[in-house]
Amino acid sequence: MTLLAEYHDARRGEDVARLRRVIALRAMVATGLSQRAIAKSLGISQPAVSQQLRFAPVMESVHPNVLLEAAAPVLRSLAAERGYERLAVFGSVARGDAREDSDIDLIAGAPPGTSSFAFIR
């Protein structure tokens with residue numbers, strides 16, 4: 001790999017990591033944690049949490065492949081906490097031919113006795 005390619009690869013990794021942090025913060029808020037509680041558990045200030053959320057990239061502007069790469073660990077963690085297994089991607093992202101406007105199709109095996117709607121609550 002050339003030095004230029006190394007630089008671009010590292011830069012992309014930073015962008016994915018930044019996006020993953022925002023997705024994790026949004027997931028924590030969605031599960032009912034306050035920004036103050038999130039800040040305390042992360043050892044940062046509440047204004048820092050607020051700023052990261054406020055200046056986050058618009059998810060619709062992120063290519064689905066990059067979004068999935070960033071979100072996958074967060075999705076796996078949320079699913080595991082709720083007993084969901086066998087997360088899978090299907091459709092254009094899974095085939096490798098997603099466009100900028102493609103959606104991300106996910107499927108998960110629900111725990112016995114629960115509905116798929118329980119995951120999105």
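Helices here are DSSP runs of H or I, at least four residues long, and they are numbered from the N terminus. With that in mind, note that the model is a predicted one.

**Stop 1: a loop residue.** Select H63. H63 sits in the loop between α3 and α4. Show its side chain. It reaches the backbone nitrogen of N65 at 3.1 Å. Now look further along the sequence. With neighbours within four places set aside, H63 touches A98, R99 and E100.

**Stop 2: two packed helices.** Select residues 35–42, helix α2, and residues 46–54, helix α3. At what angle do they pack? The angle is about 110°, and the axes lie 8 Å apart. An angle of 65 to 115 degrees counts as roughly perpendicular, so α2 is roughly perpendicular to α3.

Next, color the contact. From α2, pick Q35, R36, I38 and A39. From α3, pick Q46, V49, S50 and L53. By class, this α2 and α3 contact holds four nonpolar, three polar and one charged residues.

**Stop 3: the largest nonpolar core.** Select V16, L19, V22, I23, A27, A56, M59, V62, L67, A70, A71 and V74. These twelve residues form the largest nonpolar core. Which elements give two or more residues to this core? They are α1 (3–30) and α4 (64–81). The most comes from α1, with five residues.

**Stop 4: a second core.** Finish with L25, A39, V49 and L53. They are among the five residues of a second, separate core.

Conventions: Residues numbered from 1 in each chain as written. Predicted model: local features only at pLDDT ≥ 70, side-chain atom pairs only at ≥ 80, totals over all residues. Heavy atoms only, no water. Core = buried A, V, L, I, M, F, W, Y, C linked by side-chain atoms within 4.5 Å. Buried < 20%, exposed > 50% of the residue type's maximum accessible area, 1.4 Å probe, protein only. Axes fitted to C-alpha atoms, helices over the stretch in contact; angles between N-to-C directions. Parallel < 35°, antiparallel > 145°, perpendicular 65-115°, else oblique. Contact = heavy atoms within 4.5 Å. Nonpolar A, V, L, I, M, F, W, Y, C, P; charged D, E, K, R; others polar. Polar contact = N/O pair within 3.5 Å; in protein donor to acceptor, adjacent residues only side chain to side chain.
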